[in-house]
Amino acid sequence: MHAILTDPAVFPWMCALLGLLVGSFLNVVVHRLPLMMKRDWRYQAVEVLADWSGDPVAPEPARNLAPALEQLGKTLESTTRYTLMSPRSACPGCGAAIGALQNIPLISYVLLRGRCAKCRRSIGVRYPLVELAAGVLSGIVGWKFGFSAAAAGALLFTWALMAAAVIDLDTQLLPDDITLPLIWAGLLFNLFDVFVPLESAVIGAIAGYLALWSVYWLFKLTTGKEGMGFGDFKLLAAIGAFLGWQMLPAVILLSSVVGAVVGIGLIVFAGRERQVPIPFGPYLAAAGLLALFFGPHINETYLRIM
């Protein structure tokens, strides 16, 4: 088995196969993690309001909220509790459980012709696209890094960026459950100089966060508006923790240019209002992956142009 895994001709295909399987799980993460976050926020809101309504110095309208808050708490308890593992995946149309044979990445979508086996409701094309992207990117990781600790770290980095990008695209949220562990994972891998020396990784995490944090406050002080979310700071910090501070200028430049081009295109050609926010996470994630695969060449070209 070790000989098979370390074979340069086989390992990329093994990574691609693993990526297809993980891509199926990423679809679950993308769908359920925002629901889990919103449920937690509702619980926290109810708890805060319940504490306030029980405060003797609270205004009369607040004290009258107690019965409604109790009923709301019961309603939240009775709703479906989502975790990444339960309940079992089901068709949103008819509620039919999705069997193991219907969950085979890509193949099941083709065999089912993109429809639920029971009610024939259409299945979104994004599901197989996420699986395919995870498989292709994982195969590239296996080809570039070979059988090594760097490949393990790069796979984790790739999958986390994919999940964060799609969630941000859907909800304009970048979950701390993804970004914060990714920062620590980058520092942990680079504790052993897997991608860059630890010093470069620590500076990368700090500089990544502060770079966008500074832009945020400069924009807010200048315009009075918030230009981006705190999740973007953390995502760039994670990229810096994995790839080091040397990659940050290229990542910021690539993500900003692509984001600006897409944003202008949406305004000009799709009639999108300028006030409608555009998630920045997908562009950061794409730039992070480009830096992972082609970082030294990008930096060399960038410095030559400069």
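Which residues have the most contacts inside the largest nonpolar core? I began with this question, keeping in mind that the model is predicted, that local features need pLDDT of at least 70 and side-chain atom pairs pLDDT 80 or more, while totals for chains, interfaces and linings use all residues. I also noted that residues are numbered from 1 along each chain as its sequence is written, and that side-chain values use heavy atoms, with hydrogens and water left out.

**Entry 1, the core.** I looked up the largest nonpolar core and found 62 residues in it, with L26, F157, L161, F242, L243 and L292 having the most contacts inside. Such a core is a set of buried Ala, Val, Leu, Ile, Met, Phe, Trp, Tyr and Cys residues joined through side-chain atoms within 4.5 Å, where buried means under 20% relative accessible area, exposed over 50% and partly exposed in between, with a 1.4 Å probe and protein chains only. At least two core residues come from each of several helices, including α2 (11-53), α6 (126-145), α7 (149-171) and α12 (281-305), helices being DSSP runs of H or I with at least four residues, numbered from the N terminus. I then saw that α7 gives the largest share, 14 residues.

Setting aside residues up to four places away in sequence, I found L292 touching K144, F145, A154, F157, T158, F195 and L243, contact meaning heavy atoms within 4.5 Å.

S138 and L20 are 118 residues apart in sequence, yet 8.4 Å apart in space, C-alpha to C-alpha.

Is F293 buried or exposed? I found F293 in helix α12, and F293 is buried, at a relative accessible area of 7%. Leaving aside neighbours within four places in sequence, F293 is in contact with L137, I140, V141 and K144. F293 and I140 are 153 residues apart in sequence and 8.3 Å apart in space, C-alpha to C-alpha.
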